[in-house]
Amino acid sequence: MHRITLFIFIIIPACIFSQVVSVDKVEPPFWWTGFKNADLQLLIYGKNIASTSVSVDYPGFLLKKVHKVSNPNYLFLDFTLSNGTRPGIATIQFKLKDKIAGKYLYELKARKKGSAQRKSFNSHDVMYLLMPDRFANGDTSNDVIPGMAEQVNRANKDGRHGGDLQGIMHHLDYIRDLGATALWINPLLENDQPIYSYHGYSTTNYYRVDPRFGTNEDYLKLSDALHQRGIKLIMDMIFNHCGSGHWWMQDLPTADWVNQWPAFTRTNYRAGTFTDPYVSQSDSNLFVRGWFDQTMPDLNQANPYVKNYLIQNSIWWIEYAGLDGIRQDTYPYPFKEMMAEWGTRLLEEYPGFNVVGECWLNYPASVAYWQKGSKNKDGYESQLPSVFDFPLYDALNKAFGEKDGWNTGITRLYEILAQDFSYPDPNNIVVFADNHDVNRYLDTQNDDVRKLKMAMAYILTTRGIPEIYYGTEILMTTGADKSGDGNKRRDFPGGWPGDARNAFTEQGRTTAEADMYSYLKKLIHWRNANEVIHTGKFRHFIPADGIYVFFRFNTKTTIMVVMNNNEETKTIETSRYNEFLKKYKSGTAIISGNSLDDLSKISIPGKSVEIIELK
Ligand code: CA
């Protein structure tokens, strides 16, 4: 399969075209037979391509319609693949009058067996998030790619540092040993932008891994290597905007390919405008049509060609790279009707597929609006299976650093969970203490490691799918200079040749880092082995005196989690929890390792969490 791909990539430039017409891009570059949806729309880009007539002669691969748009350098070709179309190579012919002006060999691949039935990420998993430019540099030969707009500069916190796919490959055993079972990698597609290109959120080619990270083939290899280790691969996608350096920005297919303004106009970033029943038209318009940044043109997903382009692109990557899930950036910013159509298409082809959307909103009701199954008053039916729990993230940031009160301190966690009635599926929500866009958790807690441990114990035992940001396990911080995103995404020590130490290894960690690493590793592995945390029910008790107690249980197992938000050790009388404890005589404390022979009183050190397996 891989060989055929290579063959096609080589043969494209060998196609013969006349002087006046060229075919520079065909996207998607190849496709598969056997999808439920038989339609395929190709974008053809090349000089005066609209002046040609197009034909294809391949059994079952029928050219249904040729669309011309205002720009003569584009054609959009609608194909239908009839049931039983065989894999192979179809020749698409472009004719000028009666002369053949060019050909494109279009490959229809066979889908891998079981492709539609793939398992996606879910609450059984622990997700590890990493930024590829900042994790590890496994191949210094790709640090500088001649002709690309930005060159490597590790001294610049906002520059490219040289991390890549090979660097991730070198540390897959590290990720597996920590216990992660799903890997979310920040965007990998080409970002040929002059500055800030390292983060990957300004796509300049939707079908190409950035050569500074590696090749499409390398991505495939990474996918296979992850799967061999039982780790799922989650791709980060961005439908809202592309990069200003995208090739089509120089020669747009149609004026409305991106949302246009008389002068640069920024979105108001107020994602709540979409669900606000009182929203003004201008606020709503600015939110969805404004540009995310000067270098991030706002794609117009209401344009049917843009819509098809993005939907097909995501299916192409799932099928090509064997993806196990997608994280969709800035989820509420694109036109929501298109996003629902996208979700419908994905679930039609991959019924068990999971997508988590970045709906960065502060209230559970606002986030829940976007989860598939939500009964929304405006009638909007979202098709997004999973969302990030931003309200819980916010609560976690405040809970351990302030005085416990009626609605402050640890009660914040209780109050957010108490609003789970808003969500159609509270267990399919991604819970996290931080990510690449916010200050690292330790920074928000004045470097108090006890609070970081509490947050990790919490996200690993509450409902949902925990996400852990790379470096949390070795106490990485934003650093003294808390300004700018670059510091939230520092290089993992030991990821670069010549680094002073290698924190990927036991010997390379300080005592404090080693302590955090073993704490987290132990908890993750414990969670991986305990079905009751993945799918068990959740019950909690109103926090009192800075103590928050909740239970996870199924018919076989009951787990008690006790959180002590006080500075001092507390001994709690447990009669209040008898509805759960009455069946049990003893317990094992997972974190301390202690056996508890008397459950009537439980002692918990200050600023800590204990997880107790009841017996
Ligand atoms: Ca590199």
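## Basis of the model

The model is predicted: local features need pLDDT of at least 70, side-chain atom pairs count only at pLDDT 80 or more, and totals for chains, interfaces and linings use all residues. Residues are numbered from 1 along each chain as its sequence is written, and side-chain values use heavy atoms, with hydrogens and water left out.

## Overall build

The chain has 16 helices and 26 strands. Both are DSSP runs, numbered from the N terminus (helices: H or I, at least four residues; strands: E, at least two). A compact globule of 615 residues would have a radius of gyration near 25 Å, and the chain, with 26 Å, agrees. That radius is taken over C-alpha atoms, and the globule rule is 2.2 Å times the number of residues to the power 0.38. Along the principal axes, the C-alpha atoms fill a box of roughly 90 × 60 × 50 Å.

Of the 615 residues, 60% count as buried. Buried means under 20% relative accessible area, exposed over 50%, and partly exposed in between (1.4 Å probe, protein chains only). The chain exposes about 24700 Å², and carbon and sulfur atoms supply 51% of that area. Areas come from the Shrake-Rupley method with a 1.4 Å probe; for residues, only the protein chains shown count as cover. Among contacts with a separation of 6 or more, 72% are between residues 24 or more positions apart. A contact means heavy atoms within 4.5 Å.

## The largest pocket

The largest pocket holds about 920 Å³ of space. It is lined by 34 residues, and those closest to its centre are Tyr-269, Phe-292, Tyr-333, Trp-360 and Asp-437. By class, the lining has 13 nonpolar, eleven polar and ten charged residues. Ala, Val, Leu, Ile, Met, Phe, Trp, Tyr, Cys and Pro count as nonpolar, Asp, Glu, Lys and Arg as charged, and the others, Gly among them, as polar.

The search runs on a 1 Å grid over the protein atoms alone: a cavity is a set of points where a 1.4 Å probe fits but cannot get out, a pocket is an open set with protein on both sides within 12 Å along at least five of seven lines, and lining residues have an atom within 4 Å of a point. Grid points are joined across faces, edges and corners, and a volume is the space filled by probe spheres set on the points.

## Cavities

The structure holds six cavities of 30 Å³ or more. The second largest cavity has a volume of about 60 Å³. Its lining includes Pro-187, Thr-203, Tyr-206, Phe-239 and Asn-313. Strand β13 (residues 232-237) gives the largest share, three residues. The lining divides into eight nonpolar, two polar and one charged.

Most residues other than glycine have a negative phi, and most peptide bonds are trans. Glu-27 and Pro-28 are joined by a cis peptide bond, with omega about 0°. Pro-28 lies in the loop between β1 (25-27) and β2 (31-32).

Thr-330 is not a glycine, yet has a positive phi of about 35°. Thr-330 sits in the loop between β14 (325-328) and α8 (336-349), and counts as buried because its relative accessibility is 3%. Asp-447, also not a glycine, has a positive phi of about 60°. Asp-447 is in the loop between α12 (441-444) and α13 (449-459), and at 47% relative accessibility counts as partly exposed.
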